[in-house]
Structure formats: structure tokens, C-alpha cells
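Please have the sequence and the model in view while reading.

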Amino acid sequence: MPPLTTEYRDLPERLTETPIGLPEVPGGWTRRIWDVGPHRIPMVLPAVPDAFLDDEEVHQRHAVDEYMPYWAYLWPASLPMARLVLDAPWPVGTEVLELGAGVGLVGLAALHRGDRVVFSDYDPQAVELTLFNARQAGLAAEGMVLDWRTPPTRQFSVIVGCELLYENRNHELLLDVLAKMLAPGGTVWFGDGGRVRAERFCELAPQHGFDLRLFDELRRPLEKPRFGQFQLVELRRTSAASAAARG
């Protein structure tokens with residue numbers, strides 16, 4: 001796992017007790033505050049994400065389907081992605097699905113913007129945490145435990161995600177989820193930390209009926225994927241794919 005490099009407003013506050021409404025986790029919980037645009041966003045999150053790697057339950061789940069507790073980490077692309085979401089072009093109040101929400105910073109930014117957010121993750125603990133943090137901020141949200149191998153038929157006009165392109169084996173799954181869950185005319189925003197494997201996803205997306213554009217952290221267009229730096233991957237259905245979805 002890479003070290004946590006996201007900027008913080010404050011020093012960590014290690015919690016001595018598990019907050020009511022959250023489960024016990026390896027390493028316990030901490031509280032942090034982020035400045036995202038004009039918003040100060042407090043969050044509770046795992047204090048020692050690496051402690052999950054020594055947990056027996058994690059080992060057992062990994063033996064079944066190569067599960068990894070990626071949700072417990074705040075990934076470096078989260079903060080620039082959250083800032084971009086605050087200034088997103090879709091109408092305020094749009095229903096937004098966050099895929100692989102993890103600790104939920106991006107979805108929380110969308111809530112503060114005024115959007116209606118559905119936090120989704122494969123891990124129920126992640127969904128619990130995102131809803132807990134939303135409640136702590138006095139914001140209402142919906143949670144969904146989502147296995148990309150069996151996506152529901154529910155559709156959204158906006159789907160966002162952050163740091164989802166790290167494994168080649170997930171690319172086709174992600175594109176299948178989008179094919180089923182993105183409404184005609186909808187928009188996808190994926191924040192990526194400049195991972196090498198993201199280039200493969202960018203090659204596959206047009207083959208699966210999506211127009212793709214790339215932007216930097218200031219939403220300036222990029223000509224091609226870049227490595228080691230944040231990039232925003234924007235997807236929309238091609239005209240032919242949208243017609244097929246309507247038909």
C-alpha cells in the first residue's frame with residue numbers, strides 16, 4: 001500500500017473508544033478534518049489501515065476471492081477529486097452514485113455541494129462508515145453494498161469513483177457496471193492517481209461504447225493518460241451506445 005500523502009488541516013485525533021454506530025476495527029479509529037473548497041469536512045476513518053493486513057478475517061476473505069481492505073485507506077487522489085466534484089457541471093441536487101466509496105471523502109464533498117449521494121462499496125464496513133460520516137455532518141445519504149460482478153439495474157445520471165483503476169482484472173467489470181447503471185446521457189467521473197494500469201482502462205472504454213476525455217486536477221484537458229500525477233477520467237456513452245440503451 002502506498003503511504004498516505006493527502007494534505008490534512010489538523011493533527012490526527014486518535015479515538016480511545018469506538019464511536020457508536022461503527023464496528024470494532026483493527027487499529028481503531030481516528031478523526032481528521034479536511035479543507036475542501038469552502039467546506040471543512042470532518043471524518044472518522046481507520047487509524048491504522050495497515051493493521052487490517054494482519055487480521056485473520058481479512059486473510060480468510062482474501063483466500064476466498066483475493067479480497068483486500070482497500071476501503072480503509074484514504075488514497076492520494078481523493079482530495080483533488082473531491083475539489084473537482086464541488087465544481088462539477090451537473091445540476092446541484094443530482095443523484096450521484098459513488099463506486100468504491102471507501103472512507104467516502106468524494107461522496108461527502110458531493111453531499112456538501114448539495115447532491116443526493118448513494119455511497120456504494122463491496123465492503124459493508126465501508127458503507128457503514130460513509131453513512132456515519134454523513135450523519136455526523138448532518139447530511140442525509142443512502143448506502144448500497146455493491147458487488148461489481150452482480151450490478152443492479154438501477155440507473156444514475158452521474159457516477160463517480162476514485163482510485164478504481166489499479167487492477168486490470170477490474171476494468172471490464174467496471175465497464176459492465178457502467179453499461180448497466182449509467183443512465184442514457186449520463187456522466188462518469190473517475191479520479192485516478194496516475195496509475196500505470198489506467199492506460200489500459202482508457203483504451204478499453206471506447207471499445208465498450210464510451211467516449212473518453214482526460215483532465216488534470218484543474219480540469220484542463222489532457223491529450224493522453226499520464227503517470228504519477230492526478231487525472232480525471234470522464235466517460236459518456238457514445239451516441240450509438242445511448243441509442244442502444246434506450247432501445
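At 30% relative accessibility, Arg 31 counts as partly exposed; buried means under 20% relative accessible area, exposed over 50%, and partly exposed in between, with a 1.4 Å probe and protein chains only. The model is predicted, so local features need pLDDT of at least 70 and side-chain atom pairs count only at pLDDT 80 or more, while totals for chains, interfaces and linings use all residues. Residues are numbered from 1 along each chain as its sequence is written, and side-chain values use heavy atoms, with hydrogens and water left out.

**Salt bridges**

Side chains of opposite charge can pair when their charged atoms come close. The structure holds 17 salt bridges, a salt bridge being a side-chain nitrogen of Lys or Arg within 4 Å of a carboxyl oxygen of Asp or Glu. Three of them are listed here, including that of Arg 31.

| Glu 13 | Arg 31 | 3.3 Å |

Glu 13 and Arg 31 meet in a salt bridge. Glu 13 belongs to strand 1 (residues 13-14) and Arg 31 to strand 2 (residues 29-36), so their pairing ties together parts that are 18 residues apart in sequence. Strands (E, at least two residues) and helices (H or I, at least four) are DSSP runs, numbered from the N terminus. Glu 13 is partly exposed at 40%.

Asp 65 is partly exposed at 25%, and Arg 149 is partly exposed at 47%. Asp 65, Asp 147 and Arg 149 are linked in a network of salt bridges.

Glu 163 is buried, with a relative accessible area of 5%, whereas Arg 195 is partly exposed at 25%.

**Helix packing**

Helix 5 (residues 171-181) and helix 6 (residues 198-207) pack at an angle of about 40 degrees, with their axes 10 Å apart. Axes are lines fitted to C-alpha atoms, for helices over the stretch in contact, and angles run from 0 to 180 degrees between N-to-C directions. Contact, meaning heavy atoms within 4.5 Å, is made by His 171, Glu 172, Leu 174 and Leu 175 of helix 5 and by Arg 200, Phe 201, Leu 204 and Ala 205 of helix 6.
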